[in-house]
Amino acid sequence: MTLNNQFVDRGKVGNTPALTTRADETFMDYISDMRNFLMHAPYKRVTELSEETLRRTKTRNDQWPKCADPVRDALSTEPEVATWLRAKRTLQEAYWARIMDSYNQRGGTLKQKLDAADKSGPGSVKWDPNFPMPEYATVDIHIQPGGYVNEDLGGFYYDYGTKVFFGGVNDGDARHTKMAEKTALPKDGNVSRTLDLGTGIGQLPVAIKRLFPKADVWAIDIGAPMVRYAHLRAMEQGVDVNFVQMASEKLDFPSGHFDLVTAHLLFHEIPLPIIEATVREAFRVLRPGGTFVIWDFASVDPGKNPYAGFARTLDAADNGEPYSVEFVNCNIEKLGEQTGFKLRYAAEEDIARHGRVLDKPAA
Ligand SMILES: C[S@@+](CC[C@H](N)C(=O)[O-])C[C@H]1O[C@@H](n2cnc3c(N)ncnc32)[C@H](O)[C@@H]1O
């Protein structure tokens, strides 16, 4: 006999739906702790060993390796580094597999929830089963099977995946909330309409709406699974945000419409021509005096720190981030200025947290 309701809903961890069984949760706690340990305790030592190994390679060949394969080959000669890289990758493969298995056990119920939320509020969602998906967006980014666009439950998987990825610091969306609270605003302080690009599961626009309850808050993402889940997640918190499946490089909004446009961790995941088109579109949809805030990886100057360049190349390959090298090399600040923005601020340190702030000049 098959039981239809064999799983008790185990509630939420912060705003993230709990995994289906206690055993799944325990397994993921172990992975999360291991990742936290791996990322922090031996990191300095691994960096030193990696730098030393790469320097030796350079001395032998009189050339720095240029792409991921020779970097990985060189680093695999150093057992501690090779073990560290392998363990990091294995943990990541293991966590996606377990998260997906776990949610899939009650996949039918979760899909029904998404279907019901499509037609409910507060807030709204618009998506198109025939959306013309560009090829670049179909990669399994972060080695998440199906990536952002190819799995109906991709939003659920991503939510739990980033919870583990952030190692606890974003539990309850704490990091997004802090970013929203600290975000730069248009200099005249007027925030009536906001737009978040590449919103993922919508944590940032929800935090922005809470800060500006009267504002009309919009958020777009190229993945239908992401906007559908983002809407469900916002709705369950009683927050009114409008989510739309849309490409950041081709925004279907009028010119001069928004006061504030934000993008958290979008830019390192899109190829250079799409980066350029997105900056142009952000400029177009902002009103004069409006502000664009970008939180993302710091730019890399390989002349200053060759290892930082190699580390990014290797992470791009190992973590399924095919475009991140193009981003860190593209000088987004300059690109913004060439597009017409005025750069207000770009933190030297910890740019992912503090962001780059670009103003559209007032008319
Ligand atoms: C790393 S996630 C960041 C999500 C979110 N901003 C956050 O704070 O967690 C990047 C998101 O960008 C979306 N994306 C990628 N290319 C896009 C594009 N061209 N237009 C809109 N969204 C895009 C992906 O689907 C994904 O949800």
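1. Thr53 is a residue of helix α2, which spans residues 43-61. In this predicted model, Thr53 is buried, with a relative accessible area of 2%. Beyond its neighbours up to four places away in sequence, Thr53 touches Ala74, Leu75, Thr77 and Glu78.

2. Tyr307 belongs to helix α11, residues 306-318. The C-alpha atoms of Tyr307 and Leu54 are separated by 8.0 Å, although the two residues are 253 residues apart along the chain. Leaving aside neighbours within four places in sequence, Tyr307 is in contact with Thr47, Ser50, Glu51 and Leu54. Tyr307 is itself buried, at a relative accessible area of 15%. As a general point, an α-helix has 3.6 residues a turn, so residues three or four places apart point the same way.

3. Helix α4 covers residues 79-104, a run of 26 residues. From its first C-alpha to its last, α4 reaches 37 Å, close to the 38 Å expected at 1.5 Å a residue. The buried residues of α4 include Trp84, Leu85, Leu91, Tyr95, Trp96, Ile99 and Tyr103.

4. Helix α8, residues 203-211, is mostly covered, with 7 of its 9 residues buried. The buried residues are Gln203, Leu204, Pro205, Val206, Ala207, Ile208 and Lys209.

5. Strand β6 comprises residues 242-245. Which way do its side chains point? Asn242 and Val244 point one way, Phe243 and Gln245 point the other way, and all are buried. On β3 (residues 124-126), 3 bridges join the strand to β6, and the two run parallel. Within that pairing, Val125 has Phe243 as its bridge partner.

6. Strand β5, residues 216-221, also pairs with β6 in the parallel sense, over 4 bridges. In this pairing, Asp221 stands opposite Gln245. The chain passes from β5 through helix α9 (residues 224-236) to β6, and this β-α-β crossover is right-handed.

7. Of the 21 residues around the ligand, Tyr136, His176, Gly198, Asp221 and His264 come nearest. An oxygen atom of the ligand is 2.6 Å from an N or O atom in the side chain of Asp221. A nitrogen atom of the ligand lies 2.7 Å from a polar backbone atom of Gly198. For Glu249, the distance between a ligand nitrogen atom and an N or O atom of the side chain is 2.9 Å.

8. Ser248 is placed in the loop between β6 and β7 (258-264). Is Ser248 buried or exposed? Ser248 is buried, since its relative accessible area is 6%. Its side chain makes a polar contact of 2.9 Å with the side chain of Thr278. Not counting residues up to four places away in sequence, Ser248 touches Leu197, Ile220, Leu266, Ile270, Thr278 and Glu281.

9. In general, most residues other than glycine have a negative phi, and most peptide bonds are trans. A cis peptide bond joins Gly121 and Pro122, with omega about 10 degrees. Pro122 lies in the loop between α5 (107-118) and β3.

10. Asp173 has a phi near 60 degrees, a positive value in a residue other than glycine. This residue is in the loop between α6 (154-165) and α7 (174-182). Asp173 counts as buried, at 7% relative accessibility.

11. Leu265 likewise has a phi near 60 degrees, a positive value in a residue other than glycine. The loop that holds Leu265 lies between β7 and α10 (272-285). With 24% relative accessibility, Leu265 counts as partly exposed, because buried residues must be under 20% and exposed ones over 50%.

Note on methods:
Residues numbered from 1 in each chain as written. Predicted model: local features only at pLDDT ≥ 70, side-chain atom pairs only at ≥ 80, totals over all residues. Heavy atoms only, no water. Buried < 20%, exposed > 50% of the residue type's maximum accessible area, 1.4 Å probe, protein only. Pairing = 2+ DSSP bridges. Right-handed = clockwise from strand over helix to strand, strands pointing away. Expected span 1.5 Å × (residues − 1). Polar contact = N/O pair within 3.5 Å; in protein donor to acceptor, adjacent residues only side chain to side chain. Contact = heavy atoms within 4.5 Å. Near = heavy atom within 4 Å.
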